[in-house]
Amino acid sequence: MKKVSLVVLALFCPLLVIAGEAEFRFLEVKHVDQDHFFAYQCTQNQNIIEEEQRYNKNSKSEEIRFWVDQQAGEWITKGISPELFRYFAVKSCKNSTSATISWTKP
């Protein structure tokens with residue numbers, strides 16, 4: 001069940017970006033073990049934000065967090081909805097100053 005939920009979330013979020021008003025657009029995905037990293041380009045400033053998704057065995061739920069300029073935000077664990085995803089992505093876009101994908105997390 002956890003893999004199905006994570007796969008649905010992993011596929012849904014990029015499609016949400018494409019379908020909605022384009023404040024950012026999907027660029028690339030990288031899979032590392034159970035984690036998934038997504039890169040998006042912000043439309044307003046052309047900078048890059050990254051989003052990490054994982055399944056937390058302890059809380060038995062999917063979690064996401066945004067990376068801005070190689071700094072990780074807090075994990076969002078409960079109530080991940082399209083509106084919440086968009087809110088944090090747009091907020092991350094406003095704070096981003098990086099124009100490259102890092103993929104190397106500290």
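The largest pocket in this predicted model is lined by Arg-65, Phe-66, Val-68, Gln-71, Ala-72, Gly-73, Glu-74, Ile-76, Phe-88, Lys-91, Ser-92 and Asn-95. Its lining draws two or more residues each from β4, β5 (71-72) and α2, and the pocket has a volume of about 190 Å³. Here is a friendly tour, starting with that pocket and moving on to the core, the strands, the loops and the tail.

**How to read the values**

- Residues are numbered from 1 along each chain as its sequence is written, and side-chain values use heavy atoms, with hydrogens and water left out.
- Because the model is predicted, local features need pLDDT of at least 70 and side-chain atom pairs count only at pLDDT 80 or more, while totals for chains, interfaces and linings use all residues.

**The largest pocket**

- A pocket here is an open set of points on a 1 Å grid over the protein atoms alone, where a 1.4 Å probe fits, with protein on both sides within 12 Å along at least five of seven lines; lining residues have an atom within 4 Å of a point.
- The volume is the space filled by probe spheres set on the points, with grid points joined across faces, edges and corners.
- Which element gives the largest share of the lining of the largest pocket? That is α2, with four residues.
- By class, the lining has five nonpolar, four polar and three charged residues.
- In this scheme Ala, Val, Leu, Ile, Met, Phe, Trp, Tyr, Cys and Pro count as nonpolar, Asp, Glu, Lys and Arg as charged, and the others, Gly among them, as polar.

**The chain as a whole**

- The protein chain has two helices and five strands, and along the sequence they follow the pattern α-β-β-β-β-β-α.
- Helices (H or I, at least four residues) and strands (E, at least two) are DSSP runs, numbered from the N terminus.
- Of the 106 residues in the protein chain, 39% are buried.
- Buried means under 20% relative accessible area, exposed over 50%, and partly exposed in between (1.4 Å probe, protein chains only).
- Residues 24 or more positions apart account for 45% of the contacts with a separation of 6 or more, where contact means heavy atoms within 4.5 Å.

**The nonpolar core**

- The largest nonpolar core has twelve residues: Phe-24, Phe-38, Tyr-40, Cys-42, Ile-49, Ile-64, Phe-66, Val-68, Ile-76, Phe-85, Ala-89 and Cys-93.
- Two or more of these residues come from each of β2 (35-42), β4 (61-68) and α2 (82-95).
- Such a core is a set of buried Ala, Val, Leu, Ile, Met, Phe, Trp, Tyr and Cys residues joined through side-chain atoms within 4.5 Å.
- Phe-24 sits in strand β1 (residues 24-32) and counts as buried because its relative accessible area is 2%.
- Phe-24 and Cys-93 are 69 residues apart along the chain, and their C-alpha atoms are separated by 7.8 Å.
- Cys-42 is in contact with Glu-23, Phe-24, Asn-47, Ile-49 and Cys-93, leaving aside its neighbours within four places in sequence.

- Not counting residues up to four places away in sequence, Asn-56 touches Ser-61 and Glu-63.

**Two loop residues with positive phi**

- Gln-46, in the loop between β2 and β3, has a phi near 65°, a positive value in a residue other than glycine.
- Gln-46 counts as partly exposed, because its relative accessibility is 44%.
- Gln-70, in the loop between β4 and β5, has a positive phi near 60° and is likewise a residue other than glycine.
- Gln-70 counts as partly exposed, at 43% relative accessibility.

**The segment after α2**

- Ser-102 lies in the segment after α2 and is buried, with a relative accessible area of 16%.
- The side chain of Ser-102 makes a polar contact with the side chain of Glu-50 (2.9 Å).
- A polar contact is a pair of N or O atoms within 3.5 Å; within protein, one must be able to donate a hydrogen and the other to accept it, and residues adjacent in sequence count only if both atoms are side-chain atoms.
- Trp-103 is also in the segment after α2, and its contacts beyond four places in sequence include Phe-37, Phe-38 and Glu-50.
- The C-alpha atoms of Trp-103 and Phe-37 are separated by 7.6 Å, although the two lie 66 residues apart along the chain.
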